[in-house]
Structure formats: C-alpha cells, structure tokens
Amino acid sequence: MLDQLLSHWNYIIVVLLMMIGLFIVISSMNLVKKLIGLSLFQTSVFLFYISLGKIEGGTAPIIITSGHGDHGSYPSHDILYSNPLPHVLILTAIVVGVATTALGLSLVLRIKASFNSIEEDEILAEKRVMKSEGRSS
Amino acid sequence: MIDWIKHLPAIIVVLPLLVAVIAALLPARFGWVLALLATAGSALASVVMMTDFMTRWAGFRMSYHLGGWAPPWGIEFSVDHATALVIMVISGLGFVATMSSKSLFANEISSDDLGRVYGAWLLTFGGLLGLVMTADAFNLFVFFEISSLASVTLVAMGGGYDKRALIAAFNYLIIGAIGATFYVIGVGFCYAMTGTLNMLDLAVRLPEVNDQIPVYIGLAFMVTGVMVKAAIFPMHFWLPPSYGHAPMAVTTLLAAVATKASLYILVRVLMTIFGGIDTLPQLILQWVLIPLSLMAILLGTILAIYERDAKLMLAQSSIAQIGYIVLGFGMGSLAGLQAGFIHIANHAMIKGGMFIGLGGLAMAVAGKTKLNDLAGVGRRMPFTATGFLICGLSLIGLPLTAGFISKLYLITAVIEAGYWQIVAIVLFSSALSVIYLWRLIEVMWFTPSNSGDGRLPEQVMIYAPLWILALANIWFGISASTITEMSYGAAQVLMGGMT
C-alpha cells in the first residue's frame, strides 16, 4: 500500500495542491487570495495531465532514426516515447488559466476602486447597506 | 448535396469569433452593425443546416474535420439532429438579442466602449456555438472558457452604474473556472483510461474499461463541472446575481442562450460519451438529476415569488425553468428527452422575450427594475408591455402558447415514466408561477403610476425583436409540430447512444 502511494507521489502532490487551492477559494475572504487559490487549483490539474503523459524512461516524442534503408531513414522501435498530447492540452489550459487570472485581477482592481476594499466581508456589508437604502440599479 | 453545405459547421462558429476581433478593433459605432451581421450570418447558416437536416433520417451525422485532420486525431465538429436544433436556437436567439441590444445598451454603457463590448458579445456567442458543435472533449473545455470569460466581461460592464455587478462577475468567474476545471479533471481521467478525446471514440472505448474506477471518477467530475455551468440546483447560486446586475442586453443574451448550451452538453456527456455503459446514465439521471431538478423547480419558483426586483425575479424563475428542462432529460426516455429539447427552444424564446420587454419597460423609468418603480408602465407603454405579457403567459404555460406545449410534453413524459408524484409537483409549481407573473401584471397595469399617466416613448428596436419572440411563442404554441419534430429527432439521436 505504502509502496504504491510512494511510487505515485506526483499524484499525491496533485491531490494536495487541488485541495489546498479549493480550500483557499472557499475559505479566504480576500479576493486576491481567492484568485491565488484558483490558480493553485488549476495548476494541480496541469500537473495531473503532465503526470499522465510521462512514461518512466520515456523520452521526448521526436522520432529517433535507427539507420538508413533503401527508402530513407526509418524510425527505431525500441525507444519509449512520452505521450506529447497532454502537454499540448495543458499548454492550452495554461493560456486559459492566465486569461482567467488576468480577468479576475482586473475585476479586483475595479472592485477595489468601487468598494474601497478587497475583503469579501466588508464588500458584502456595503452591499447590504446598498440594499437597505433601496438604491437599485 | 451542395458542396458548401459541408463547410457550414465551421462557418457558423468561426464567423462570430472572427468578427469579434474586427468589432473590438474598429471604431465603436460599427460594433452593433458588425455584431448584427455576424449573428445574422450564423443564424442564417444554421437555418440552412437545419432545413437540410430535417429532410434526413435522425441517425444522420455531419462530421467536419478541422484542418483536414481526421478524427480521432484531429478535432472534429459533429452535427446531428440534436446539435442542429440547439445551434439553431442559440444562433436565432442570439440574433434577436443582438437586434435589441443597441437600444438596451444605450442607457447603460458609454458609446465609446461599445466596440469592445460587442467583441466580448460575439466571443460569448461564438463560444457557445462552438461548445455545442465540437465533438472533442478537450476542445469543449476551451469553448466553455471562451464563452464564460467573455460573458464575465459582459456582466462586469454593469459595473459602470451598479457596482454590485463587479462582485457578481467576480463570483461568476471563480465558480465558472472551478466548474470548467472539474470538467477538465474528468476528461483527464477518461483520457487516461481510453487514450482518446473524441466524444464518439470515447463512447466506443469507455464501455470496454467500465470495470475500472477512474471511469466513474471521470464521469462524476465531468457531470459536476457541467452542472455548475448549467446552473442546476444546488450549483445555481452564481446565476441570479449575474443576471440581476448585468446590463439588460447582456442578461437577455445569457438568459436566452448561455445555460441552454451547457444543458445540452450535460445530456451529451451522459448520453453520448457515457451512453454505452449499461444503465449508468439512467442511474445518474434518475437518482441525481431528477431530485435536483425538482428542488430547482420549487426553490426557483418560490424565491421568484418573494423577489422585489423584476429582473431578479425572472432570473430566479430561470432556475426553475432549467429545472423543468433537466426534469425532462432526467426521465431518460425518448419522450423525456424530447420534452427537454422542446423546453430548451421554448424557454429561450420566452426568457429572451421577457428580458427584452423588461429592458424596454425599465428604460422608460431610468433603468430601474424594482417592482415599485415599474408601477403603471404597462398602461403607459402598451406595445412593449403586451409583448412582455405574451411571453409571460407562455412562461406559465397558458394554452395556445409555446410554454403550454413544453408543459404538455413534459407532463406526458413524466406520466409515461410513471412518476405521478412528480406530475403533482410540476402542476403545483406551474400554479405558483402564476403568482409571480401576476405580481408583475398587477404592478404594471393596475398600480397607479408614480409620475403621471401619459404615454411613454417606445423604441422600435426593442418592441420589434420582442414581438418577433412573442409571435414565435404564439406560433409555436399553435403549430407546435416544427419544434416537436425537431426535438423528436434530437431525442432519437441521443437515445441511440444508450442501450
């Protein structure tokens, strides 16, 4: 059991990061910290995908030729390649993550300018005041 | 077949995405025209595609290989009857919402920003279309995020006059990102088990490994992620504030089309990707989605009754309406799926119309949507208010409106599945929805106005699109066969994936 856990240590890190990230998003009152939590959460998924694509002893998926025949070079068959597809997917996901963080931070800037705070409890308190004063959209 | 028809799937999605960039770069005054042209183009193309589809048998599927790479290696756009129906609803309603958006934006967004706003508008629109069209599980995530990031931007545009929109947008962003990430985790598990991302390929390969736990973990993550995006109870809490504080035009677009695409993805994931695994989709539908949809129906309706802001009232009612759609899907039968698809189409017309109408009415009273502020506007703006009323009556399911057809098919499906108690709940909540609609009618027609009784100016570009939808509600209430037949085709396609 322990052996199995230790040999999958990267997945354990993924789960830990995922839980830490999700916990920060839920528990933190500070909007910037929420975004940090979200980034951690997303990063854990990136690691998960990268771990999936890795084969022990595998190399980068560039075809290695083993010799030349009459019809040009032919690929060697006894070489292990890591799966490149998860890397490509995660490249896309990283871009999405960056866009999410950028949009989130710019929203935090606007919230700071409007509410003069980035603490959720203070913002909610002001929202409640707005509601009781009957100021509507 | 004419040659260019086979390129339609790509054109429908790429056109709005390309024009989005142009609209953001050109001066702001071109924004609306460009958006109108792009949405009209997509809508027209999808009508052509649907017409082409209606002449074929339900199992027909159109496959478009992006970049010429054959699936399962390349990304595939796949169109069958279900896709074509949802694409037509989204593009058609997107076009009508765009028509009304110029007048609705006029009071709420500075005209200098309109170019970029329409950029985000078209990204939302194109993202949703791509979401429905794609047959690649990971590509789906990318389209999820394109549409959701763009719609967060649109919601945040409400921050110019109502700073609560910023909070709503921030929460929408966080929750949306978590939902999408959950979906990606699920895709990762399925990819690890099968080595493929193409949905149809997954559908073939997943049953081969259905004794493995990761498949079920993947399913749980994917379904949960999509449920967050589709605002299914109890993951709906981001929706009312986002709709309530966003600019009126944005609410119209999101309410009419955004959750519809995610609901479609939900059945796709369950019925197509996991459809080959025996009884698994049925179990989830029956034990997870039916109870949640019933709670959504009751909770959404009751919260709508107690809401004092008309915009939030309609947003809460959307939660209940999403519940009806999910309930139809939850039956897991041909009739149930058909009812779900019928209500996807009808609810898009109903809510789109109601939000456009409310926007028009609210403009006359300085953009306020509190019930007290709307006193008497019904009498003072007869054109807009009558259109709004027709959509409202369709919402509660009055005979001769599209909403009645939805309820009829839904209840028939529920009876067919033998859930008599659920019929009672559906009828009860329909009766309850009369209460909140009546509160609107009472305020708009029978309450003395705060500021005189004269006619208020009405804008053509608001009541014209509104009346298009109102008449569509009546038309599809009387001559329902168009939508019911298309939905039947869609349901047959999805049932094909099940044993």
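## Chain A: overall organisation

Helices, taken as H or I runs of at least four residues, and strands, taken as E runs of at least two, are DSSP runs numbered from the N terminus. In these terms chain A of this predicted model reads α-α-α-β-β-α-α along its sequence, with 5 helices and 2 strands.

Chain A has 137 residues, of which 23% count as buried. Where contacts in chain A between residues at least 6 apart in sequence are considered, 51% of them join residues at least 24 apart.

## A:Phe46 in helix α3 of chain A

A:Phe46 lies in helix α3 of chain A, which covers residues 31–53. Because 20 C-beta neighbours fall inside 10 Å, A:Phe46 counts as buried, the cut-off for that class being 20 or more.

When neighbours within four places in sequence are left aside, the residues in contact with A:Phe46 are A:Ile90, A:Ala93 and A:Ile94. As for A:Leu103, this residue is 57 residues from A:Phe46 in sequence, and the C-alpha to C-alpha separation of the two is 20 Å.

## The contact between chains A and B

Chain A contributes 28 residues to the contact with chain B, and chain B contributes 31 residues. On the side of chain B that touches chain A, the elements giving two or more residues are α5 (137–156) and α6 (164–194) of chain B, and α6(B) gives the most, with 14 residues. By residue class, this side of chain B divides into 17 nonpolar, 7 polar and 7 charged residues.

## The strand pair of chain B

In chain B, strand β1 (residues 62–65) and β2(B) run antiparallel and are joined by 4 bridges; B:Tyr64 has B:Phe77 as its bridge partner in β2(B).

In a regular strand the side chains alternate between the two faces of the sheet. Strand β2 of chain B (residues 76–79) has B:Glu76 and B:Ser78 pointing one way, while B:Phe77 and B:Val79 point the other way, and all of these residues are buried.

## Helix packing in chain B: α1 and α2

Two packed helices are described by the angle between their axes and the distance between the axes. For helix α1 (residues 8–25) and helix α2 (residues 31–54) of chain B, the angle is about 175 degrees and the axes are 9 Å apart, which makes α1(B) roughly antiparallel to α2(B), since angles over 145 degrees are counted in that class.

From α1(B) the contact includes B:Leu8, B:Ile11, B:Ile12 and B:Leu15, and from α2(B) the contributing residues include B:Gly31, B:Leu34, B:Ala35 and B:Ala38. The residues of this contact of α1(B) with α2(B) divide into 14 nonpolar, 5 polar and no charged.

## Helix packing in chain B: α10 and α12

The axes of helix α10 (residues 248–273) and helix α12 (residues 310–330) of chain B come within 11 Å and cross at roughly 20 degrees. Angles under 35 degrees count as roughly parallel, and α10(B) and α12(B) are therefore roughly parallel to each other; the crossing in which α10(B) passes α12(B) is right-handed.

On the α10(B) side, B:Thr251, B:Ala255, B:Thr259, B:Leu263 and B:Val267 meet B:Lys311, B:Ser318, B:Ile322, B:Ile325, B:Val326 and B:Phe329 of α12(B). The residues of the contact of α10(B) with α12(B) divide into 7 nonpolar, 3 polar and 1 charged.

Methods:
Residues are numbered from 1 along each chain as its sequence is written. Chains are lettered from A and ligands numbered from 1 in the order in which they are written. This is a predicted model: local features need pLDDT of at least 70, side-chain atom pairs count only at pLDDT 80 or more; totals for chains, interfaces and linings use all residues. A residue is buried if 20 or more other C-beta atoms lie within 10 Å of its own, exposed if 12 or fewer, and partly exposed in between; C-beta atoms are placed from the backbone. Two residues are in contact if their C-beta atoms, placed from the backbone, lie within 7 Å. Two strands pair if DSSP finds at least two bridges between them. Ala, Val, Leu, Ile, Met, Phe, Trp, Tyr, Cys and Pro count as nonpolar, Asp, Glu, Lys and Arg as charged, and the others, Gly among them, as polar. Axes are lines fitted to C-alpha atoms, for helices over the stretch in contact, and angles run from 0 to 180 degrees between N-to-C directions. Angles under 35 degrees count as roughly parallel, over 145 as roughly antiparallel, 65 to 115 as roughly perpendicular and the rest as oblique. A crossing is left-handed if the near helix is turned anticlockwise from the far one by less than a right angle, and right-handed if clockwise.
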